[in-house]
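Dear colleague,

I am passing on the structure we spoke about, together with some notes on what turned up when it was examined. Please have it open beside this message while you read.

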Amino acid sequence: MSSDSKKRKPKVIRTDGGPQEGKRGKADGEQDARYYSEECEVDLRDPIKDYELYKETCQELQRLMAEIQELKSRGVKDNASEIDERRVQSCVHFMTLKKLNRLAHIRLKKGRDQTHEAKQKVDAYHLQLQNLLYEVMHLQKEITKCLEFKSKHEEIELVSLEEFYSEAPTEISRPDITLTEPHQQTLARLDWELEQRKRLAERYKECQTIKEKILKEIEVKKEYLSSLQPRLNSIMQASLPVQEYLFMPFDQAHKQYETARHLPPPLYVLFVQASAYGQACDKKLVVAIEGSVEEAKALYKPPEDSQDDESDSDMEEEQTTKRRRPTLGVQLDDKRKEMLKRHPLSVTVDLKCKGKLVLVAQYFSFFAGTDENVLHLTFYYLMNLNIMTVKTKVTTAAELTTAISAGDLLSPDSLLSCLYPGDHGKKTPNPANQFQFDKVGILTLSDYVTELGHPYVWVQKLGGLHFPKDQPQHTVTADNSLSASHMEMTMKLLRTRLQSRLALHKQFASLEHGVVPVSSECQHLFPTKIVSRLVKWTAIPFEDYTELPYTKDVVEAGLAEDTHLYYMALIERGTAKLQAAVVLNPGYSALPPIFSLCLNWKGERTGSNDDNIRAMESEVNVCYKELWGPKPGYQLLTNQLQRLCMVLDVYLETEPHDTTVEGPKEFPQEKMCLRLVRGPMRLKPFKFNYPQGFFSHR
């Protein structure tokens, strides 16, 4: 049995790789035959029966091993033959197990091979399925594309059918065919479209040729004009003496218009509209631009990006911050200055006023002289606040007589105040500025108007700016039409304001000397002899005016505001003293002054306790139209004062004589009156009738 086992050893051969070349003997043919016979045997044998055989063989081996162990444990020498016999039987069973093992491995290999082949078939079928599904998806996409395909002719805007059949020739339209077949109709319309486009293409080529010729002509003319510019410059340079001699500064105007390109939009609109108004309506209106053009150009230059400069500046800032940090107050001051920054350029408007200024001489003798007075207006633009401001200055041809009471008449703060009603120029007209002021701690703009100028509403309109308060705020831009619509009226109001203030200045100089100037045109309004005289004329502050007991009615009626001018006049006759508190509206003489009276004679008499004092106030406040005099009515104030002197005479002369006092009557009657008193209120006759020369009741 041992020899058989040695001979069968080479039969156990691995299926995945054969034996090495050096170990193959002469009996290779036999071994191969045995290998393949076992493979064939696997197909013939039943695996279940082999499994049963395997269990039986294992049981037999267990039994034999147990017997051999039992025999050896006895230690009898006679048992050696039995042990050898059982060993041989065990080896046979081992050989059976080896064969079963080989058969099991062969079956496993065949099962794996079959599984692999089946898997390959399944993979092949799966790949084929995926290819078919991809092909189906591709075909579906192609079908969708075909269904969604839009022909180019659908994008072409073809002529209507009526126009096609009316204009296209019959060779193309073929109505006998196209009317019944839509496809042929579309083809015919496309043919007609192609024919039309060919014609238009030819026309386009012709136009292109004409265009090239015109462009060549333009280039020739450009060259001529470019060569003409130096010649014109030389001619303008040579004509400068002639321009100066004829007062026609064309070159200066050209430079002004070049500078105007750098103005901000509101100032540019003001410059253009004021220049246009001056050329059309006021030849003596002078409009100019002042300021640094270089600084204005620098505002619109983009900042140069340089990393080195930035790094250097950062290092310097770090060093400065290490040395000293600015306080919060200094930072707010810097922010305020930046917010209130003005544009480097400004527009100046010089408004010249021609008029007759009456100079008052002693004993009411008058002589007139003509001169030119100039109102200088300088307009600024606050870039961050988007508003305009104005500063004023008055230049007179002759030096004005210094009058203490006339100090506020020509001051920049009050000269243009309330040019339009309610426009005092102390608040910003832009509602958005208040939010900007809150960020930097500015309470009101009125604290800075002395430095920046007054932001009147009419100034904004001259620059084309409008800030509606009842509508949402949008970006406000300069509007030429708005400026043009307000230019003429504003210039007239400015000229009227200057003339009225200059006339008042002259009148105040006389009033301070106790002389009430009355022109020859107004002499008929008063009798020849007036005894009462003006002895004092002074300016008073608004607070003092409101504290007077006889001015409460005027204050409560809202006729006295802090923007008005206030004066006190004292008229005397004998022991009687009449105090007149005067409210002068900035719109004088379109708006008359208002007088409040208090007579100190035998007690204090005012409009509240004496009806005749109220009647005297009515004579100057209500009947002021009689005292306007010649237009534009600049003598209204002096005529009102003269009438006060007149009615005071009437009041005193018509008072009944006190019989308890000995001696003659203090105020003898010199005025001729039809009736001394009338009615239950015992009113006196204050109306003067010219030329009869008597007084009567109204």
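Predicted model: local features only at pLDDT ≥ 70, side-chain atom pairs only at ≥ 80, totals over all residues.

Residues are numbered from 1 along each chain as its sequence is written, and side-chain values use heavy atoms, with hydrogens and water left out.

Aromatic contacts

A pair of aromatic rings is described by the distance of the centres and the angle of the planes. Here rings of Phe, Tyr and Trp (its six-membered ring) pair if their centres lie within 6.5 Å, and planes under 30 degrees apart count as stacked, over 60 as edge-to-face and the rest as tilted. On that basis, a search of the whole structure gives eleven aromatic pairs. One of them joins Trp537 and Tyr567, which are stacked with 5.2 Å from centre to centre and 10° between the planes. Because Trp537 belongs to strand β5 (residues 533-539) and Tyr567 to strand β6 (residues 565-573), this pair ties together parts that are 30 residues apart in sequence; helices (H or I, at least four residues) and strands (E, at least two) are DSSP runs, numbered from the N terminus. Trp537 is buried at 3% relative accessibility, and Tyr567 is buried as well, at 2%, where buried means under 20% relative accessible area, exposed over 50% and partly exposed in between (1.4 Å probe, protein chains only). The rings of Tyr545 and Tyr566 form a tilted pair, since their centres are 4.8 Å apart and their planes lie at 40°. That pair links distant parts of the chain, with Tyr545 in helix α19 (residues 542-547) and Tyr566 in strand β6, 21 residues apart. Tyr545 is buried with a relative accessible area of 0%, and Tyr566 is buried at 3%.

Charges over rings

A charge sits over a ring if NZ of Lys or CZ of Arg is within 6 Å of the ring centre and within 35 degrees of the ring normal. The charged end of Arg342 is placed in this way over the ring of Tyr380, 4.0 Å from its centre, and that of Lys684 over the ring of Tyr651, 5.3 Å from its centre.

Helices

For α22 (636-653), the 18 residues should span 26 Å and the end C-alpha atoms are 26 Å apart, in agreement; 18 of its 18 residues are buried.

Helix α11 (residues 265-280) packs against helix α18 (residues 480-511) at an angle of about 50°, with the axes 10 Å apart. Axes are lines fitted to C-alpha atoms, for helices over the stretch in contact, and angles run from 0 to 180 degrees between N-to-C directions. The two helices, α11 and α18, are therefore oblique to each other, as angles under 35 degrees count as roughly parallel, over 145 as roughly antiparallel, 65 to 115 as roughly perpendicular and the rest as oblique.

Backbone geometry

Most residues other than glycine have a negative phi, and most peptide bonds are trans. Lys631 and Pro632 are joined by a cis peptide bond with omega of about 5°, and Pro632 is in the loop between α21 (611-621) and α22. The bond from Tyr690 to Pro691 is also cis, with omega near 10°, and Pro691 is in the loop between β11 (687-689) and β12 (694-696). Lys602, which is not a glycine, has a positive phi of about 55°; Lys602 lies in the loop between β8 (594-600) and β9 (604-606) and is exposed at 58% relative accessibility.

Contacts in space

His93, in helix α4, is buried with a relative accessible area of 18%. His93 and Leu61 are 32 residues apart in sequence and 6.8 Å apart in space, C-alpha to C-alpha.

With best regards

Note on methods
Expected span 1.5 Å × (residues − 1).
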